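This report looks at charged side chains and how they pair up. Please have the structure open while reading.

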Amino acid sequence: MTTLKSKLQEDLNAAIKERDELRSSTLRLTLAAITKEEVAGKTKRELSDDEVQKVITREAKKRREAADAFAQGGRPESAEREKAEGEVLATYLPQQLSDEELQQIVGQAVQEAKAAGAEGPRAMGQVMKIVNPKVAGQAEGGRVAAVVKQLLAGG
């Protein structure tokens with residue numbers, strides 16, 4: 001078992017003992033998603049820490065989207081629950097980049113792409129190829145794409 005997955009399991013056991021319903025249900029769902037990912041495909045396999053982290057990121061994104069949907073649908077109590085679950089999952093993810101750090105990384109990538117001859121909105125793909133490995137797991141793709149579009153349009 002990977003270290004991140006075993007940490008999730010240990011935290012689940014602790015949450016159950018503490019009768020922390022929110023944490024235990026959130027961790028159960030996340031471990032179920034990890035198990036589902038492990039048995040998907042033709043053969044069962046053990047996920048690496050990076051793959052487990054991607055599953056946790058995906059689950060956290062689902063919580064954010066659900067919270068937004070509940071808030072727009074006039075169900076604030078459900079939205080709060082989803083936000084709380086997202087916060088539980090955020091403790092297992094790397095620290096997100098601040099807006100300033102993301103702007104700086106994207107700015108450097110735009111300069112690299114322009115040096116390679118990429119210009120205007122068409123350069124977005126090239127810039128994203130440079131940026132994504134640098135910010136993997138530290139910034140959501142939509143957030144990165146928005147900053148890239150902004151800097152390409154403005155610069």
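## Confidence of the model

The chain has an average pLDDT of 84, and 95% of the residues score at least 70; pLDDT is the predictor's confidence in each residue, from 0 to 100. Among the elements of the chain, helix 2 has the highest mean pLDDT (92) and helix 6 (residues 124-135) the lowest (76). Helices are DSSP runs of H or I with at least four residues, numbered from the N terminus.

This is a predicted model, in which local features need pLDDT of at least 70 and side-chain atom pairs count only at pLDDT 80 or more, while totals for chains, interfaces and linings use all residues. Residues are numbered from 1 along each chain as its sequence is written, and side-chain values use heavy atoms, with hydrogens and water left out.

## A buried pair

Glu38 lies in helix 2 (residues 21-39). Glu38 is buried, with a relative accessible area of 3%; buried means under 20%, exposed over 50%, and partly exposed in between (1.4 Å probe, protein chains only).

Lys5 forms a salt bridge with Glu38, with the closest N and O atoms 2.9 Å apart. This pair links distant parts of the chain, Lys5 being in helix 1 (residues 3-17) and Glu38 in helix 2, 33 residues apart. A salt bridge is a side-chain nitrogen of Lys or Arg within 4 Å of a carboxyl oxygen of Asp or Glu. Lys5 also counts as buried, at 10% relative accessibility.

## Other salt bridges

The whole structure holds 12 salt bridges. One of them joins Glu51 and Arg45, at 3.0 Å between the closest N and O atoms. Glu51 is partly exposed at 29%, and Arg45 is partly exposed at 36%.

Technical notes:
Helix = DSSP H or I, 4+ residues; strand = E, 2+ residues; numbered from the N terminus.
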